[in-house]
Amino acid sequence: GDFEDFSSSWVGFRVAEVLNPGGEVDAVGRTPLVSGGLEASGTVIESATIEADLTGIASDRSRRDPAIQRALGTSEFPTATFASTDPVDLGALPVDGEPFSASVPGTITIRGVSQDVTLELQGQRAGDVVVVVGTLPLDFTSFDVTMPTAPIVVSVEDSGDLEWQLFLTRDAAMADDGAGDEMADDDMATDEEAVADDDMADEDT
């Protein structure tokens, strides 16, 4: 199955599994309950944070959702976080409509387990909005995640991809202070009504 959502921020996962019946498929889950932002000065990203509410994860097969919640232990660890650890110089200000990329070192925490990672980000600026996407290969069991099982599940890979799509908007106060073309404090764009109206593609593969 696959989701096609180009209108809101989300964080999610993709893991290969084998079903009987069904064969080889990708298990995909996403939560739209995302907050965070970045602080920048000129071309330098000084800090970046992301917080995802894992209790909001929905997958492409709703019957697997309770098992996902149990595997992630969301009753005890409802959030996953990323916090950058070093400034990153983009080398040039993002140009409106042109893609850019950045490698951002930081710490990711899932189920209370923290690991150092580097996020490979691809982004594009559209006026006062910056869209950032990317994937990060992870061994989920290294975060004390026990991969879900079910009668129809033959096997589930321990490793998969963490995926994200983030809409960042210019902080209004910074823009009013005349930040101009310099990158200012950006906050995660949130639009609860748009998120509620988004239709998730539920495809059996």
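A salt bridge here is a side-chain nitrogen of Lys or Arg within 4 Å of a carboxyl oxygen of Asp or Glu. With that in hand, here are some close-up views of this predicted model.

**View 1. Arg-64 and its partner Glu-17.** The closest N and O atoms of Glu-17 and Arg-64 are 2.4 Å apart, and the two residues form a salt bridge. Glu-17 belongs to strand β1, while Arg-64 sits in the loop between β5 (58-59) and α1, 47 residues apart. Both Glu-17 and Arg-64 are buried.

**View 2. Arg-64 with Asp-60.** Arg-64 also forms a salt bridge with Asp-60, where the closest N and O atoms are 2.6 Å apart. Asp-60 has a relative accessible area of 0% and is buried; Arg-64 is buried as well, at 13% relative accessibility.

**View 3. Arg-14 meets Asp-26.** These two side chains join in a salt bridge, at 3.9 Å from N to O. Arg-14 lies in strand β1 and Asp-26 in strand β2 (residues 23-31), so the pair ties together parts 12 residues apart in sequence. Arg-14 is buried, at 18% relative accessible area, whereas Asp-26 is partly exposed, at 32%. Salt bridges link Arg-14, Asp-26, Arg-30 and Glu-163 in a network.

**View 4. Inside the largest pocket.** About 650 Å³ of space lies in this pocket. Of the 36 residues that line the largest pocket, Phe-13, Val-15, Ile-57, Ile-68 and Leu-72 lie nearest its centre. The lining has 28 nonpolar, 3 polar and 5 charged residues. Strand β1 gives the most to this lining, with 6 residues; elements supplying at least two residues each include α1 (65-72) and β11 (153-170).

Definitions and conventions
Residues are numbered from 1 along each chain as its sequence is written. This is a predicted model: local features need pLDDT of at least 70, side-chain atom pairs count only at pLDDT 80 or more; totals for chains, interfaces and linings use all residues. Side-chain values use heavy atoms; hydrogens and water are left out. On a 1 Å grid over the protein atoms alone, a cavity is a set of points where a 1.4 Å probe fits but cannot get out, and a pocket is an open set with protein on both sides within 12 Å along at least five of seven lines; lining residues have an atom within 4 Å of a point. Grid points are joined across faces, edges and corners, and a volume is the space filled by probe spheres set on the points. Helices (H or I, at least four residues) and strands (E, at least two) are DSSP runs, numbered from the N terminus. Ala, Val, Leu, Ile, Met, Phe, Trp, Tyr, Cys and Pro count as nonpolar, Asp, Glu, Lys and Arg as charged, and the others, Gly among them, as polar. Buried means under 20% relative accessible area, exposed over 50%, partly exposed in between (1.4 Å probe, protein chains only).
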